[in-house]
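Please look over the structure shown here before reading the notes below.

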Amino acid sequence: MVGTQLMNWDQYATVWARLHGGFDPRRAAPVVRGWLRFAYHVGYVLGRLRVGPTAVTVVGVLLCVCVPVFAVQPVDGPFLGALFVLLAGVADSVDGAVAVVTGRTTRLGYVYDSLADRIGEATWLVAFWLVGAPGALAVAGGAISWLHEYVRARAVSAGMREIGAVTVG
């Protein structure tokens, strides 16, 4: 927050860039910039409603847990599972936006967010397996995803920039 006011987009983008290795969302590709502006606006509204970033992270994890539960439903199961993946993705972007907009970014929150991301990925892989993907493919997908995050974390701890590019993925 700036004083008692929530951050405007430019203030938010400046802080967001500092927290993401200097990547300025105002200069991102249109789709990425649009996604980040959407997250900012939702985060702004939630910040005004005094919803904290941890609450949004918890809701995101609960949405992830819904993915395998709904994906196996006989009517529209995969569609419902995909819908919950999308909602969880929104929550994953918005929790950080709420933290930035309200001035409540913490290192512990960053760790919780990363943990929530890995839990979410695990639930999605379970959903793939439950709807018929070969188990080996689900395990390989998880291994590749987690390896990517492990290498990124090790690179940051070795002093490299946190991110090189932001994509929709």
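Tyr12 is buried, with a relative accessibility of 2%. The model is a predicted one. A search of the whole structure finds seven aromatic pairs, and Tyr12 belongs to a tilted pair with Trp9.

**The pair Trp9 and Tyr12**
- The ring centres of Trp9 and Tyr12 are 5.8 Å apart, with 35 degrees between the planes.
- Both residues sit in helix H1 (residues 9-19), three residues apart, which is about one turn of the helix.
- Trp9 counts as buried because its relative accessible area is 10%, and the cut-off for buried is under 20%.
- Trp9 and Tyr12 form one aromatic cluster with Tyr40 and Tyr44.

**The pair Phe70 and Phe84**
- The planes of Phe70 and Phe84 are at 15 degrees and the ring centres are 4.8 Å apart, so this pair is stacked.
- Phe70 is in helix H3 and Phe84 is in helix H4 (residues 77-101), so the pair ties together parts that are 14 residues apart in sequence.
- Phe84 is buried at 15% relative accessibility, whereas Phe70 is partly exposed, with a relative accessible area of 29%.

**Thr57**
- Thr57 lies in helix H3 (residues 53-71).
- Thr57 is buried, and its relative accessible area is 14%.
- The side chains of Thr57 and Asp95 make a polar contact of 2.7 Å.
- Leaving aside residues up to four places away in sequence, Thr57 touches Asp95, Tyr112, Asp113 and Ala116.

Methods
Residues are numbered from 1 along each chain as its sequence is written. This is a predicted model: local features need pLDDT of at least 70, side-chain atom pairs count only at pLDDT 80 or more; totals for chains, interfaces and linings use all residues. Side-chain values use heavy atoms; hydrogens and water are left out. Helices (H or I, at least four residues) and strands (E, at least two) are DSSP runs, numbered from the N terminus. Buried means under 20% relative accessible area, exposed over 50%, partly exposed in between (1.4 Å probe, protein chains only). A polar contact is a pair of N or O atoms within 3.5 Å; within protein, one must be able to donate a hydrogen and the other to accept it, and residues adjacent in sequence count only if both atoms are side-chain atoms. Contact means heavy atoms within 4.5 Å. Rings of Phe, Tyr and Trp (its six-membered ring) pair if their centres lie within 6.5 Å; planes under 30 degrees apart count as stacked, over 60 as edge-to-face and the rest as tilted.
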